[in-house]
Structures are given as structure tokens and as C-alpha cells.
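Colleague: Could you take me through this model before I plan my reading of it?

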Amino acid sequence: MENDSKALLEIRGLAKSFPGVKALQGVDFTVRRGEVHALMGENGAGKSTLIKVLTGVHSRDAGVVRLDGAEIRPTSPKSAEGFGISTVYQEVNLIPQLSVAENICLGRQPTRLGFIRWGAMARHAEAALARLDLKLDVKKQLSACSIAIQQMVAIARALDVSAKLLILDEPTSSLDENEVEELFNVIRKLRAEGLGIVIVTHFLDQVYAIADRITVLRDGQLVGEYEAAKLPRMELVTRMIGKELSQLAPKQSTDAVETAAHEREPFVEFIQCGRAGSIAPMDLTIGKGEIVGLAGLLGSGRTETARLMFGIDRIQTGEMLVDGKATSFKTPGQAIRAGFAFTPENRKSDGIIPHLSIRENIVLALQARQGVARAISRKQQDEIVEKFIKVLGISTPGPEQLVMNLSGGNQQKVLLARWLATQPRLLILDEPTRGIDVGAKAEILKLVQSLGKEGLSVLFISSELEEVVRYCDRVAVLRDRAKVGELAGKQISEEAIMHTIAAPQTK
Amino acid sequence: MSTAATTTAPPPAPSGRFQRREIRWWTSLLWPVAGLALLLLFNLLFTPGFFHLEVRDGHLYGVLIDILNHGSKVMLLSLGMAVVIATGGVDLSVGAVMAIAGAVAAQLINRPNVPFPAVIALGLGVAVLAGCWNGVLVGVFNVQPIVATLILMVAGRGVAQLITDGQIITFTDPRLTYVGNGDFIGLPFPVWLSLGMLAITALLTRKTAVGLFIESVGDNQTASTYSGVRAGRVKFLVYAFCGLCAGLAGLVEASNIKCADANHAGLFLELDAILAVVVGGTPLTGGRFYLGGAIVGGLFIQTLTTTMYMQNVSADVAPVPKALVILIVCLLQAPVFRRKMVAVFRKKGAT
């Protein structure tokens, strides 16, 4: 057993099983003071179980957890906080209707005779934010702040309990690049203060930008602990998924794409389509069998464009042509009947029907398009579902499993199946790979690519430029809720997209 | 596409905690049936004559038959209530709608020139109309269900008063009194009516896609809308249907006592109906609904009421033990409570 005097958190031989699944087996994990430690692994690797054991959500079956040399056994997030372990979760766990100060001090408001001392609370919150070099009006309602600020508030709240160890679970998944940089500055500052920081993220770039050490888990077991500087990217990816990267992401030949791009008939055309407060009038053409990417920073209007196209929001200006004919959708239902499909960015709140089965989730859109009366028989349903479970490789014990029990990647596959079952002509994918593991990501992207070859048009929205560059025939670049440029064929590169985003406005 | 399929062998199934708990319709019946069985067992031991049945003039008589008969109103209501609750709503107006339906039927039956089918059709028609009113408020204007139906709950009795002119209207027409008092193949007619409605509702929801749409809207309205389900229309339909169920229950009630009493018909029955649905395993937050559970829940509540009565619990105090028993049933259904109890018993077993 190593004896590291700087070790803040030491976990040895941690094990946790759930009925039928060994979520963690013999895992060691060490976090030192003043270090940022990335916890990596695919979904199902055991990252979240490890964190939940640390924060007292789950109790451990075996193993030792020592903080500052003393063994601890947290029984609830509150008791974990008592030990000095604070967590900021992926979905910001704050109360949007309350003020910033209330959110920071919630549950531990300074009181006098049972009454809240509002002044003291505001000063306290300001001090907590000042530690992050952040100055804002703490009386402001939280929902009025950007997601990035909300994230900072969550961190301020977590640190407010004299934390020694800060756990950040996917903290950057809803931030754009500048906001990520801001967050990283805060993390660096805290690292300098001697805090131990555990970060869980799917973004490889960010891991290398911030982490000192990396621990990789796979299938509930420890793969290894590495110094970030000495672990090449390829190595990391292969360790995480246990196979070579070349298997996952074949580079498409760009020549073939370019020749095809010119011959394509348009399927959907936006002619100066826009909506006040949502997106400025824009032109956009999606050809048959073409994969068109929408690139831009968070809040640049990518989702808004998708909502407009899918009939969730009404088009206020301009005209939309489908197959050359002017069309307008009042509801998503009409768009679906025209052969459109849409997997929303927020899988949990807008995509899945959590308490229904995989089967019901998959047949829903098809059934909705057919109407109430023409029910799809159970036999047909089973056939459809079985087919897609097989084709998409949805890993589940059976089609009657509730969707809420699936991992993120499998939920996304269920959503794809829901739409593929309707045999759509246009598939709008809004961040289809967000928050899912590398393996599932590659499978979904591969699928999208092959669908394009089969003649399906795809509108592909992703904040990971690498994906956009690799898979799109054409890329429309958005900034500040307006289209600022378009790239095609060989022009497409991460650099070109970033240049377009950053280019001075020509008006 | 086939290439995508072959890349990964399925990894170990996620979160095995839920693996074996597949949802089947009968598992949902387990708890309400167990509650009912317990209650019947209590009566078997402590209430003499509870299970006594006799045949007189070809009709079955006995406490059990009375329970079925009187429970049919709550059972009818609970069917409509179940689908409303499944969409994440609630209908507080069913009691008032019962009063309206009864009032309309009683007024019309006493007119010499109105044919009997028209009496029934108009009585039910008004009830459906009332349901549609709720449906428009909730489905079209997105008014909160509790508020939208509260309006009719309050106003509905006034409407019924207007129809009856503030009088209690009695009637003797044998065709109308048959609805609540008649016998059909040995069992009271309302029992058959309830079973018939259960069958119809089950067919309508499970053999068409309506059930799927109701559950998906109740579980996640945004996702359902994005999938092409018209949430507003689904909601409108369930409230209209709930109105129909309330109308039937209203006719049964009026027919049972051979008069229309705008003030007391169906009073507080909406609460019994909601309870029946909840006891039957349908969550108030919407989503999955269980019609069989709702029916058993209705029977459970009626059995409880009758038990109180037969144990000579005075009508003033009766709600207290009733509330206690319902509390226990609801606690038994709450996963948190069940987990805690299991933990307690495990600990005891270990030491």
C-alpha cells in the first residue's frame, strides 16, 4: 500500500453490488491535496456509483475510505458534507425561483430568533462568490442567471461548507467554451488553495486542459491511475473502451462527399425563416441524403433553428419549402407527417417517457402519426422493437424494461429507434451524443452516417466540433442567434468553423 | 446500418436493481386486493352475517351484494378518474356532475312526452358536456386541472339547483328506477353497469392507442408532444369521458333513491373516487394507470364504509377509522415506506 503523505482521499478495495450487477469491485482511488483528478470511464464503468458511495447516497459493501487519514462512512449527502466532501452535479441542483444568496445559504441561513438575517445572508453569499473571484448581485433570482453562473453558484454553495474535497460531476456539459475556461480558472484557483478536486467529464480536451491525474475505470474495475501529462490521448481512449480507436471512427472519404453534394436535390429549404427573440431570418438548405451540421457556441441559436424546422415554434418570417412546396407546421405532429423527426437536446426532460417501457417509447411516434384508431398490434410492436434493439444494439434485458432504467446512451438509441420506426426523410439530431459514453457515441455517429448514405437527410447539431467536421457534408455556422456562414466539403475544418464563429460581423 | 449493430457486445445490464421488476397489470392489483382481502377477513371474524347470502324471488340478497351495489357509483367514477389522473390531472367536479345528470333525468322523466331513451341520453349528454367544459379549460387553455374542475365542482351544484328549481324531485317511473335498483341475472343492475364500463374502458384504452397516449402525456408531456401526440386533445378526451362516467354514476344514484337531490347527490364522492384510483395503484403524478386497480379500490372503500356501519361505528366518527385504514393502504403502497419496513424487519432478523 502506498503511503502518500499528501493523500487527502484514499479509497482501497471499494466494492458495491446491486442485485445482479457488480457496480464496483476492488477499486482504489487516491486524491491528493491541491490536485485535479479526472475520473474517466464509459457509462457503466462505475464512476457515478463511486461518487454516490463517496457522497453517502449508497453504502459500500467492502473497502476502506479514508479522508485525511481517518476512515469515514458517509450515510447521506449531508453527512458527506460534514466530512468535507461536497458535490456539484451535472444538472444544476439549485432552486431557480430563489435568489442567488438563498441558493447558496439554503438550509443554513443565518438566523436570529428563528428569523432569517437577510443582510448577513447576502454578505455571506457575496463572500462565498468572492472566493471564486465572482461578483454578482446576490439578490438576483437564480433563473435570471446564465447556466454558467448557476454552475458557479452551485460550486460556491458546495464550497461554503468548508469542503476539503470537491466533486464536479460533468460540470461542463452545458457550458460553452468561454464558460468552460471561466470554470477552469475557478478550479485552478481552488487547486492552488489546496483543495482536492475530482472531475468527471466526457470531454477529453477538458481533461487534458485541467487534470493533473487521471483514474480510469471500466466495468466496475480499476484500469489504472495515470499522470495526465504522461498519458497520450489515444492511450486514454483505448484504456477507457478497451479497444483501438481506429475501430470506432472511420474517416470518411471527403472526395465522394463533395461530388455528391453538388448533385443533391433539396429536401427542406429555409428562405429567410426566422422568429423574433429566437433566431434571425436565415437561409438553409438540406439536400436529400445530405448531413448538414449546425455549429456554434451554446446559445447561438442551434436548438432554436431545429425547433422552428420541427414545428415546435412557429416560423414568423420567410418561407419553408419541403420538396419545393411552401409548407408551414403548426405542430410537431404535422412535421412528423411530412417525414420529419427530432431528437431533442435534453433527452431526459424532452425525449424519453421515463415510466413507460422501451417498446412503448419506440412505437410512440409511429402510433401518433397513424392516429388513435389504427392501433399497431402487439405483435407488430414486438417485431419493430425487436428489430431496433438488435440493429441499434440497445443493451437491455428485454423490451418491457422501463426506459428510465437504461443508461444515457441506450436511452438515446431508444429515441433514435422511435424515429427510425417512422421511416423519416429528415432526422434532426440535437446534441445526440451529449453525456453518453464513447462507445455508444461512435455507434450513433456511424449510424447517422450510414443513414445519410441510404438517402436520409440529417440536420446534425453538436457542440463538439470534431463530430461536426467529421460527419457533415455541409456546416452552417451560427452566432448570437443568426447564421454567419456556411462551409462545404473540403472547407470544413474545426479551425474554419472557429474562424467563422470568431470572424468580425459584416453588416 | 448492420455494421453499427455488430460493434459492441451488450455490456452488463444497467442498474440491476429494477431488472426483475417487470410491470405487469396484475402486479398492480396485488396491494389493493390484499387490502380488500384483509378487510374481508376482519369481517369474517368479527362481523356476524357479513357473508350471509340468500336468494329471495330469484334475487340475491346480502351484505356483499349491497357493497357491490352501493360501490358501483365509486367504481364508475373511478374509471373516469383513473384516466384523468393518468394524464397528470384530477377531476373534482364529478360529484357535482352526478347531481346535474340526476337532476336532468328526474326533470325529463316526469314530462309525459319525453321518450325514455331520450331521458337517459340527455342526462348523460349534459354530463359529457360538463366533462367537455373541463376538457376545454385543461386541454385547450392549460388551466391547472385542480382549479379548472374546482370551478365546476362549486358551480355544478348551482346548475343542478337551477334545473330542479331548488326542489327535491321524486319519480316513480319503473324504467328509471330499474337503473339503480333492478336485478339482472341475479346481480343488481349497477354492478353489471360498472363491469360493462370497465370492459368498455379497458377496450377503448388498451385495444386502441388511447391508453399509450394517455400514459405518455401524463408521464412526459413535452416528449409526447415532440413525438406527435396531441396532448391537448388527449386531455380533452379524458375529461369528457370522466364526465360520462359521472353521468352514469349520477343516474344510478338518483335512480337508487328515486329522486334527484341537487344538494346531496354525489356529495364528496369525488374524494372517494380519487382515493379508489390511488389505492388502485395509479400515481397521482400521472403516467401508468390501472383500471382493475381502480375498481378494486372502489370496492375497498365501499367495503370499508359498510364495515363501519355494521360495526355500529356512528356516522359522525366513521371517517376517522376509515381515514386510518386508507392511510395504511397508501403507506403500504409508498415505495419509501416499504423500503423502510423491509429494512426494519431485516435488522430484526439479523440480531
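Modeller: Helix α5 (residues 147-159) of chain A has 13 residues, which at 1.5 Å a residue should span 18 Å, and its end C-alpha atoms are 18 Å apart, so the two agree. The expected span is 1.5 Å times one less than the number of residues, and helices (H or I, at least four residues) and strands (E, at least two) are DSSP runs numbered from the N terminus. This is a predicted model, in which local features need pLDDT of at least 70 and side-chain atom pairs count only at pLDDT 80 or more, while totals for chains, interfaces and linings use all residues. Residues are numbered from 1 along each chain as its sequence is written, and chains are lettered from A and ligands numbered from 1 in the order in which they are written.

Colleague: How many residues of α5(A) are buried?

Modeller: A residue is buried if 20 or more other C-beta atoms, placed from the backbone, lie within 10 Å of its own, exposed if 12 or fewer, and partly exposed in between. The buried residues of α5(A) include A:Q150, A:R157 and A:L159, and they pack against β6 (85-88), α3 (100-105), α4 (118-130), β9 (165-169) and α6 (177-192) of chain A, where a contact means C-beta atoms within 7 Å, again placed from the backbone. The helix is mostly covered, and the number buried is ten of 13.

Colleague: What radius of gyration does chain A have?

Modeller: Chain A comes to 18 helices and 22 strands, and its C-alpha atoms fill a box of roughly 70 × 50 × 50 Å along the principal axes. The radius is taken over C-alpha atoms, and the globule rule is 2.2 Å times the number of residues to the power 0.38. For 507 residues a compact globule would have a value near 23 Å, which agrees with that of chain A, 24 Å.

Colleague: And what share of the residues in chain B is buried?

Modeller: Chain B has 15 helices and six strands. Its radius of gyration, 22 Å, is close to the 20 Å of the globule rule, so chain B is as compact as a globular protein of 351 residues. The buried share of those 351 residues is 49%.

Definitions and conventions
Two residues are in contact if their C-beta atoms, placed from the backbone, lie within 7 Å.
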